[in-house]
Amino acid sequence: MTDQAMAAALPAGAARGFWADAWRRLRRNKAAMVAASLIVLIALLAFIGPTFSPHSFDAIDWDNMAVPPGGPNDHWLGTDRLGRDLFVRTLAGVQISLQIGLLATLVSLCIGVAFGATAGYLGGKIDNLMMRFVDILYSLPYIFIVIILSTLFERGNIYVLFLAIGAVGWLTMARIVRGQTLSLKRKEFIEAALASGVGTPGILARHIVPNVVGPVIIYATLTIPQMILFESFLSFLGLGVQEPQASLGSLINEGAQEMESAVWMLLVPAGFLVTLLTCFNFLGDGLRDALDPRDR
Amino acid sequence: MSQADAPVALDIDQLSVVFDTPDGSLAAVNDFSLAIRRGECVGVVGESGAGKSQSFLAVMGLLAANARVSGQARLGTESLIGRDVAELNRFRGVKLSMIFQDPMTSLTPHMTVGEQIAESIIHHLGSSAEAARARALALLEQVQVTDAPRRLDQYPHELSGGMRQRVMIAIALACDPEVLIADEPTTALDVTIQAQILALLATLKRERGMAMALITHDLGVVAGIADRVAVMYAGRVVELGTVHEVLKAPKHPYTAALLASMPRIDDAGTGPLPAIGGQPPNPRRLPSGCAFGPRCAYADDACRAERPSLIGPSSIEGTRSVACHHPLDGTRHAREST
Amino acid sequence: MTEPLLQLRDLRVWFPVGEGLFRAKRNLRAVDGIDLQVAPGEALGIVGESGCGKSTLARAILRLVRSSGGQILWLGRPIEGWSTARVRPLRRDMQIVFQDPLASLDPRMTVGEIVAEPLRVHARDLSRAERRERVVDMLARVGLPADVVNRYPHEFSGGQCQRIGIARAMVLRPKLLVCDEPVSALDVSIQAQIVNLLQDLKRDFGMTILFVSHNLAVVRRLCDRVLVLYLGKPMELASTDLLYSQPRHPYTQGLLAAVPVPDPDLQPQRLGGALGGELPSPLAPPSGCVFRTRCAHAVAACAAAAPQLQPVEGGHEVACDRWRDIGPYGATP
Ligand SMILES: Nc1ncnc2c1ncn2[C@@H]1O[C@H](COP(=O)(O)OP(=O)(O)OP(=O)(O)O)[C@@H](O)[C@H]1O
Ligand SMILES: Nc1ncnc2c1ncn2[C@@H]1O[C@H](COP(=O)(O)OP(=O)(O)OP(=O)(O)O)[C@@H](O)[C@H]1O
Ligand code: SF4
Ligand code: SF4
Ligand SMILES: [Mg+2]
Ligand SMILES: [Mg+2]
């Protein structure tokens, strides 16, 4: 056939590398971009917002206890039962929740990717052993492990706790990465690269990693809100951050107790939490589409 | 031919299938009409995506949930389109059977071969378990499964691909169907096994007087057992006629080009093949006018302006129909040897 | 005769397979004793039923699987024991095209990157511009416009992907191109395009082709010589003309008879002559002649000793002790 006919059969459009292309696709996804901007905005607000307020997160204002938002004072989002500024406290909570989510995800990502890729790449007996180990950990009740951990560590050192949670939460990541590596190893394009003389590092860097990194990033994005939620859950049980420190979870817990008399105490932190979770999920979905060129 | 006045077993009339997809609707089959008589085998030929499978899945009531069907299909006097599952199940697997391309996935892995054949017999014919088993054995022997008594108690994974396809055929035949639809029954098999299965299908057709639709992309397969051939392109029948008419003197440029581009085992030529240029049509972006136009050596403005409709036997000699503004005269374009 | 590009001497590839926990490991003899010489510029077809070891043989030659015995001589040098690192420079001269056009292209790489990969490994001194130029040239050679370099494989049809795969394999101008069922996954109307392309490339670059296929008609069109395999063993080796017009081995005869021809006058009769039976398990091959369980000419002696390839005439070799009694029977009389 003629080149013209062939060219005519193809849609127009140019792209650069894989990442540039993924970025281009992500940018076209409105929901994901709005979500990402909101996350950045909330994060910025959480870290610099409190400096604009005259209050600190644990200072008690004896004159304004449990005042609703918009009152004739400088507590923009009201105060809690002890007269602590809810705006500052919520932002401090967001700070802690975000840090915890990121930290735990990062830990589970590092362990999971290393473990999964090793198992998948080596294959055979070693893979078998490594994955049985994962299965055993899977079968242990999560919350049970966490309760043991929280008794081992000094109560309130939330970072240590979440380092530990991250270290337990890598199991799914390891499974995902192993599965991907295993199926990639058998793909013909890997064999084609081998036949072209590409060495092992080249195959890992140019073929395996770009093909594995997509699911990893997506899963990580979806893990962050899981971890934030999990922290909230622990705080709800009284196993999370300790007073006067605040996380979104502990704030919601307090708010829930005052739900009938001071509903804003629940609504303010819950609003932030829901927004964050929604945003992370939208971003994760957007990344999933952006990182998979086959989806279009 | 004797089938010419046999009663029509399956009558498909103006059948269309449209899929609703996130990117808009996709017309997979358009105005598909075909009447298959008792004892007749019609080959349905076309490339991947031509709409062969969807036409007959529509007849079976097996389309995906996002499909919309219009038109009519009748099994004898019973209409098949728009019936609910319970009603269809009175025919499916009884009077109307279908076998599929992949003999690996069409059998249930956890049931023995005997159980799977007997299940259908018990369900539809209400036979006793022993009677069903005896019939299953007879069926296996009829489809020439070697060592049939032992096979009854084997599981599908213990059988080769060819054996599994035979078992599929046995299941399809269990209730003496009037119509058998075979969707690429040999595509996944070796040529040697393909020849065995085709010979078996030819025998069954002859002995049982079934009506058969044989879907394939291989004109050679059609040549062996079909009485008539329908050639599909981009969701439409573009040529229909007896197997001699269509393969010996194709009238549609696509049929002719396809025949010419296929290397033949009995052709000692070594030069370049007269290939069809271009790519198979994208059903979402069909060209205006004739869908084969961009790849057709005879295309002109009329072809680009208006889609040719399938002109039936009344206007063209013989029993054939063709959808082309400039049908070939059948001699000029006979396969030139290179 | 010029020095062969490639020679195989009693090449064997056995896969150890474990049958359950307590049973001893057995060997699956995927390739079992192949002797072969391939001359430069020749197109050799390798045919046989599914599972008879075609792909394994091709992969063993490319050193993508390890051989278990025998020798592979590349330009006269035995390479079968070489380490991966030592084989690497040879890879510039031997390339492969796969059956599944899409699966053989990395979905995360652009077409330009895919075709440039062999250059990246073997022609490191090329500048970016030079590399790009070679890629675009090669793409043009396989019939794809220059602007495809920035697209991803999934944007192309099967035939176009196969062109990309061929461009990648050809960009280094290898001496040997192994094609493992390169047209089997393609639409009928596209197969001829790819067969013609391979023919052109072979002519223009004087390349040697190993063409693995179960499509005997395509092999007849494209190849100069054909090797027929059965259960990992050679059955018949002959020039294409002789093999198709006067096949000597009962297996070859059965294979050829099974290929359908689109002619309603011939095909119905051909169906009657189909080869019966099925490929026996490669884990328990028949004794003596491996084909004897399906051979209409088998006699008691066939079970005793495995027949070796024996010369017929003009380089035609057949592994059947009874070939004189059987006589040729061809696809074209
Ligand atoms: N569920 C579905 N949703 C959308 N499109 C579909 C769906 N199922 C099939 N199609 C489309 O319908 C068209 C016809 O498909 P069909 O399966 O009939 O092709 P075919 O002729 O049988 O080809 P093949 O030889 O590949 O089996 C194709 O373009 C296919 O992509
Ligand atoms: N890695 C492996 N481990 C064990 N057995 C294998 C392996 N690769 C191939 N085999 C076996 O070796 C035999 C030959 O396989 P091969 O893939 O070479 O056949 P083939 O002729 O290419 O068949 P096909 O036409 O299906 O591609 C088969 O029985 C197969 O199951
Ligand atoms: S209508 Fe025109 S374009 Fe279509 S097949 Fe006939 S001649 Fe070709
Ligand atoms: S050696 Fe015997 S069994 Fe083998 S092919 Fe020849 S005749 Fe048949
Ligand atoms: Mg189909
Ligand atoms: Mg193979």
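1. Start at ligand 2, where a polar side-chain atom of Ser50(C) sits 2.5 Å from one of the ligand's oxygen atoms. Bear in mind as you look that this is a predicted model. On its own, ligand 2 has 630 Å² of accessible area, and the protein covers 63% of that.

2. Over to chain B and ligand 1. Here 16 residues make up the surroundings, with Ser48(B), Gly49(B), Lys52(B), Ser53(B) and Gln54(B) the closest. Gln54(B) places a backbone N or O atom 2.9 Å from an oxygen atom of ligand 1. Asn66(B) uses a polar side-chain atom, 3.1 Å from a nitrogen atom of the ligand, and Glu184(B) has a polar side-chain atom 3.3 Å from an oxygen atom of ligand 1. Taken alone, ligand 1 exposes 650 Å², of which the protein buries 71%.

3. Where does the shell around ligand 1 come from? In chain B, strand S1 (8-21), strand S2 (24-37) and helix H1 (52-60) each supply at least two of its residues. H1(B) has the largest share, with three residues. Sorted by class, the shell around ligand 1 holds six nonpolar, seven polar and three charged residues.

4. Ligand 3 has its own set of neighbours in chain B. There are 13 residues around it, and the closest are Cys290(B), Cys296(B), Cys303(B), Cys324(B) and His325(B).

5. Next, the interface between chains B and C. Chain B brings 50 residues into contact with 42 residues of chain C. The two chains bury about 3900 Å² between them, and 59% of that is on carbon and sulfur atoms. If you want three residues to look at, pick Thr192(B), Ile265(B) and Gln279(B): they supply 18% of the area that chain B buries against chain C, more than any other three residues.

6. Three salt bridges are found across the interface of chain B and chain C. Asp267(B) forms a salt bridge with Arg221(C), and the closest N and O atoms are 2.9 Å apart. There are also 20 residue pairs in polar contact across the interface of chain B and chain C, counting pairs with both residues at pLDDT 80 or more.

7. Which elements of chain B give two or more residues to the side that touches chain C? They are helix H6 (161-173), helix H7 (191-208), helix H8 (219-225), helix H9 (243-248) and helix H10 (253-261). H7(B) gives the most, with eight residues. By class, the residues on the side of chain B that touches chain C are 23 nonpolar, 18 polar and nine charged.

8. Last, chain A and the salt bridges in general. Over all chains, a search of the whole structure finds 40 salt bridges. In chain A, the side chains of Arg132(A) and Asp135(A) meet in a salt bridge, 3.0 Å from N to O. How far apart are Arg132(A) and Asp135(A) along helix H5? Both belong to helix H5 (residues 124-139) of chain A, and because they are three residues apart there, about one helical turn separates them.

Key. Residues are numbered from 1 along each chain as its sequence is written. Chains are lettered from A and ligands numbered from 1 in the order in which they are written. This is a predicted model: local features need pLDDT of at least 70, side-chain atom pairs count only at pLDDT 80 or more; totals for chains, interfaces and linings use all residues. Side-chain values use heavy atoms; hydrogens and water are left out. Contact means heavy atoms within 4.5 Å. Buried area is the accessible area (1.4 Å probe) that two parts lose on being put together, summed over both. A salt bridge is a side-chain nitrogen of Lys or Arg within 4 Å of a carboxyl oxygen of Asp or Glu. A polar contact is a pair of N or O atoms within 3.5 Å; within protein, one must be able to donate a hydrogen and the other to accept it, and residues adjacent in sequence count only if both atoms are side-chain atoms. Helices (H or I, at least four residues) and strands (E, at least two) are DSSP runs, numbered from the N terminus. Ala, Val, Leu, Ile, Met, Phe, Trp, Tyr, Cys and Pro count as nonpolar, Asp, Glu, Lys and Arg as charged, and the others, Gly among them, as polar. A residue is near a molecule or strand if one of its heavy atoms lies within 4 Å of it. Accessible areas come from the Shrake-Rupley method with a 1.4 Å probe; for residues, only the protein chains shown count as cover.
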